[in-house]
Amino acid sequence: MKNIRCGGRKLSPKWILIFSIFSFAFGMISTNRVWAPLDLDGKVMRRREQEIEIVTDDCITHKDSDLLGAIHRSDEAIRSLGDSISRLRMELPGVQRLPEKVSNGNLQTNKTVSEDKRRKKAFVVIGINTAFSSRRRRDSVRETWMPRGEKLIQLEKEKGIVVRFIIGHSVTSKSILDRAIDSEESQHRDFLRLKHVEGYHELTAKTRTFFATAYANWDAKFYVKVDDDVHVNLGMLASTLDRHHSKPRVYIGCMKSGPVLSQKNVKYHEPEYWKFGEEGNKYFWHATGQIYAISNDLAAYISTNQQILHKYANEDVSLGAWFIGLDVEHIDDRNMCCGTPPECEWKAETGNVCIASFDWSCSGICKSVERIKEVHQKCGENRAALWNRPTIKN
């Protein structure tokens, strides 16, 4: 390579090469600075994208904060409104509510103070299941084991034992059947009318309504359901319940576990037999339907949940089903299902007086109108067993 002259001085090829490399490098740097914003893969573009993301995130963060603030303010407003409503409830008469609590294992459901004051105190409420057509049965019960008139009132006031025939209404309002019950009630004052339409296949619903109604009217230790063709010794019943009054959630009766009948057109057919497993299975343990007792907690449970308690074909099975998933003590007392004479008579003579007597073959006393007086004479308790009980304190 020839030497190049510059201002009379020669430049060597070596300096020319160095100058060319330097010029090329300077041009590359200048070009990158100018075109960097258009280079999507370049550092400047990425830096600007990062700056945009930071600004965007900051905007989103502010929006989230504003949204959370609005939710918080709404929550505070709802709480304030709830507190105001609670204060108004406390200021209005008859609407104060007692808190739900558990005491000694007993579930105490919420109820208003006015409701609590309205409920009468009692030891036991006994509901005698009856029908429109059973006037003669009711009279036979009144003439034997159920006190009448002033004695019935005295029994309730002094001993805390409430006894009532339980019946609903006919399909037709104010029918001749309803008027007959109204007339009988005006004479004896021993009915508890239920908001229920009478019918044989509605016995489960009637039982459920009875416990809910009885619980709403009486704050009792126990609630008993008994059929009107069964003989009962009230003193023995009360003494037996006394032994269990300190226990929570008790279910007392003659416990059984009969077969689930899947065949149609047979007595006690169970349409929902498939719920109990394979054909030939038995029901879970439950009290026979002629007479049984439940404690206050269980009556409260039925009252609170009556709208969702399932009804099986048979009343006694339904009651047992309602309790099957609860922590309930099942008490099997065979004195609540004695046979009629001679069985109950022999037990009475040995000092083991029965609580209730009936014939298994008839699911009650066979021809009870004619025979209940005989059963009462031979198997009835001494009058003192009932009237010598301690007087309750309200």
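Student: Let's start with helix α10. Which of its residues are buried?

Tutor: In this predicted model, the buried residues of α10 are E315, D316, V317, S318, L319, G320, A321, W322 and F323.

Student: What makes α10 a largely enclosed helix?

Tutor: Helix α10 spans residues 315-323, and nine of the nine are buried, so the rest of the structure largely encloses it. The elements covering those buried residues include α7 (203-217), β8 (218-227), β10 (250-256), β11 (286-295) and α9 (296-305).

Student: Strand β11 turns up in that list. How many of its residues are buried?

Tutor: For β11 the count is 10 of 10, and the strand is mostly covered.

Student: Which strands does β11 pair with, and how do you know that they pair?

Tutor: Two strands pair if there are at least two bridges between them. Five bridges join β8 to β11, and these two run antiparallel. Five bridges also join β10 to β11, again antiparallel. As examples, K225 stands opposite Y292 in β11, and M255 has A287 of β11 as its bridge partner.

Student: What is the strand order in the sheet, and what kind of pairing does it have?

Tutor: The order is β7-β6-β5-β8-β11-β10-β12, an open sheet of seven strands with mixed pairing.

Student: What makes β7 and β12 edge strands?

Tutor: Each of them, β7 (191-197) and β12 (329-332), pairs on one side only. On average, neighbouring strands of this sheet are turned by 25 degrees against each other, direction ignored.

Student: Where do you see parallel pairing?

Tutor: Strand β5, residues 120-129, pairs with β8 in the parallel sense over nine bridges. There, G127 has K225 of β8 as its bridge partner.

Student: Now the rings. How many aromatic pairs does the structure hold?

Tutor: There are 11 aromatic pairs. One of them is formed by F211 and Y292, at 6.4 Å centre to centre with 35 degrees between the planes.

Student: Why is the pair of F211 and Y292 called tilted?

Tutor: Centres within 6.5 Å make a pair, and planes under 30 degrees apart would be stacked, over 60 edge-to-face. With 6.4 Å and 35 degrees, F211 and Y292 qualify as a pair and fall between those classes, so the pair is tilted.

Student: What does the pair of F211 and Y292 tie together?

Tutor: F211 lies in helix α7 and Y292 in strand β11, so the pair ties together parts that are 81 residues apart in sequence.

Student: Are F211 and F276 buried or exposed?

Tutor: Buried means under 20% relative accessible area. F211 has 0%, so it counts as buried, and F276, at 13%, also counts as buried. Y292 is buried too, at 0%.

Student: Which residues are linked with F276 into a cluster?

Tutor: Ring pairs link F276, Y283, F284 and Y312.

Student: How do you know that R119 sits over the ring of Y215?

Tutor: The charged end of R119 is 4.0 Å from the ring centre of Y215. The distance cut-off is 6 Å, with a second condition of within 35 degrees of the ring normal.

Definitions and conventions. Residues are numbered from 1 along each chain as its sequence is written. This is a predicted model: local features need pLDDT of at least 70, side-chain atom pairs count only at pLDDT 80 or more; totals for chains, interfaces and linings use all residues. Side-chain values use heavy atoms; hydrogens and water are left out. Buried means under 20% relative accessible area, exposed over 50%, partly exposed in between (1.4 Å probe, protein chains only). Helices (H or I, at least four residues) and strands (E, at least two) are DSSP runs, numbered from the N terminus. Contact means heavy atoms within 4.5 Å. Axes are lines fitted to C-alpha atoms, for helices over the stretch in contact, and angles run from 0 to 180 degrees between N-to-C directions. Rings of Phe, Tyr and Trp (its six-membered ring) pair if their centres lie within 6.5 Å; planes under 30 degrees apart count as stacked, over 60 as edge-to-face and the rest as tilted.
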